[in-house]
Structure formats: C-alpha cells, structure tokens
Amino acid sequence: MERIIRIGTRGSELALWQANHLQQELTGLGIRSELVIIKTKGDQIQNMGFDKIEGKGFFTKELEEALLAGAVDLAVHSMKDLPTTSPAGLSIAGVSYREDPADWLLINPASFTSNTPLNLPEGAVVGTSSIRRKTQLHDLMPGLQTVDIRGNVPTRIQKLFSEGLDAIVLAAAGLSRLSIDLNHIQVIRFHPREFVPAPAQGVLAYQLRSDDTELRRALRPIHHPEVSACTNVERRILQLLEGGCQLPLGAFCQRDAAGNYHVFTAYAPDAQAPLRRFSHSSSTSQGLAETVVQKLLAR
C-alpha cells in the first residue's frame, strides 16, 4: 500500500498506547502510518460521571466525524466505548487480541480491612464513574459509597490518595497495557464471571470508511475473529437492551476449546433497581444474545 494511513486517536496515555499498538501492527504489514490526535466530548467533560452525560459515544463521536470528513483514514477505539451501531458510511474492519477483561479494585493500604466482603471498612468510599461498576459494588457490599472519579489511569490512581478515597475500580486492561506499578496498593482482581465487565472490555476496534476496500483488505491479517465471535454476543446484548454507558450492564462471553459459548451477565434496569444476574451456555452463538436478554428481562 502506497498511502500513509492517518490513524485518529484520543490523546490520553492509554489511547496513545492503543494507537501505537495499531501502528506497530501496520508497520509489520509494510503499511506506513501517522497519528492524528483528536479531543472527544468525554475528554472535555471531566466533572461528572458517564451516566450524567447526555447521549452516547462520549469517546468516539469526534473520531467518527473525522473519519467521515476524510481527516483520518482509520480510528482506533477501546471497543467498550464504541456504540453498537456505526454511523452510516463507517464500519468496523477488525478487532485486536483481548487483554484481561476484568475489573480490579485498588485499595488504599490505609483502608485495607480484613474479613470484610471487599477488604474495605464499613461505609467505605470507592471512586468510579461507571454506573455498571457502582451497581455491582453496591450489590457486593451494600454499605459502601461510590463517588465519580474521572481522568486518565495515572490521574485516577493519584486521586485514590489525594482525595482520601478508600478504593477505586479500574480496568485490568489499561493497567496492564501501561505497565502500572501497583506494588504500593492492595489489589483485588475480580473474576469477570463474578464482577462482570463492560461488553467488549479489553478489546480494541479498528473503524474505517465503509467504501475503503483497500484498507479493509489490508487489515485482515491483524483481525482476531475468535475475539470478535465473543464480543459480537456481548455487544448484541447491549444493543438489544438499548444501552450505553448509562446502562448498568455487564456482559462477558467466553468460548471454550470445544467451541461452546458461555455468557455471564449482571444487569439492572436503572441505578436504583436490584441487580439481576444470569449465565447461559450454548453450542452456538446463533440467538444466544436474544436468549440472555429474554431471561434478564423476565427476572
């Protein structure tokens, strides 16, 4: 390919890690590229939780607009931030490997308390801007309090101490990709089957203009269809529930060596409603999301 591919990305440390990862993959295919940093609504609004921001695509809309305008050729997204339906003229051409999809609870050592559900004191204050995480935390330890905490990964870890929080919740994928040193922090590594992550957590999505067939073909060697098979189920569940970042939904799908699918969900119709959990296994992904949603809504 003779073109120099312009990769649209947010400017945070983690977003740049993701863009550089994609750039290295392209280099391995003999494709030259450059990064174009774009600021999104989610980057600009730092004083409220995601459930309080109107609309969807807080971290993706401006990247998609740049694609449609021809300002960039390819956008790399954290797939969990990406709405389930691409705008007309855009499509997902590939997904990355899946990093650890779990959430981790990072506990301030001064607050560590043995023999409690989350090793936290009664009435502990936990920082997270995710309504999904808040709902599952309250289900595990009803007495704790949650507060919104925004910023990039290093900033949120700094706030764990500077704002006197007892703990924060972060995605394992970001911590691992940035090689964050956690030796000075107590960490509970939640299992994704129990503290259910966001749909497609830990996966990167590569988005381009639908009519760019040359670039679509070029991306095929770095696409991971086995990952896509599971994230398609997770994102279909999200789509059927008509949700986004404002919806308390965790959905995680695994495929075993025999090819069977295993889905784990945690869902509440709203932040005040009781949490509903449902797991289901199937030999096929056909109709799997529909079955899971039907059971969740029936509860």
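Helix H1 (residues 13-28) contains 16 residues. From first C-alpha to last it reaches 23 Å, close to the 22 Å expected at 1.5 Å a residue. The expected span is 1.5 Å times one less than the number of residues. Helices (H or I, at least four residues) and strands (E, at least two) are DSSP runs, numbered from the N terminus. The model is predicted: local features need pLDDT of at least 70, side-chain atom pairs count only at pLDDT 80 or more, and totals for chains, interfaces and linings use all residues. Residues are numbered from 1 along each chain as its sequence is written, and side-chain values use heavy atoms, without hydrogens and water.

The buried residues of H1 are Ala15, Gln18, Ala19, His21, Leu22, Gln23 and Leu26. Buried means under 20% relative accessible area, exposed over 50%, and partly exposed in between (1.4 Å probe, protein chains only). These buried residues pack against strands E1 (4-9), E2 (32-37), E3 (74-78) and E10 (204-209), and against helix H7 (213-219). Just after H1, Gly30 has a positive phi of about 80°.

Gly11 sits in the loop between E1 and H1. Gly11 is partly exposed, at 39% relative accessible area. Leaving aside neighbours within four places in sequence, Gly11 is in contact (heavy atoms within 4.5 Å) with Leu16, Ile37 and Ile38.

Helix H4 (residues 131-140) is largely enclosed by the rest of the structure, because seven of its ten residues are buried. They are Ile131, Arg132, Arg133, Lys134, Thr135, Gln136 and Leu137. At the start of H4, a side-chain oxygen of Ser130 comes to within 3.3 Å of the backbone nitrogen of Arg132.

Notes. Polar contact = N/O pair within 3.5 Å; in protein donor to acceptor, adjacent residues only side chain to side chain.
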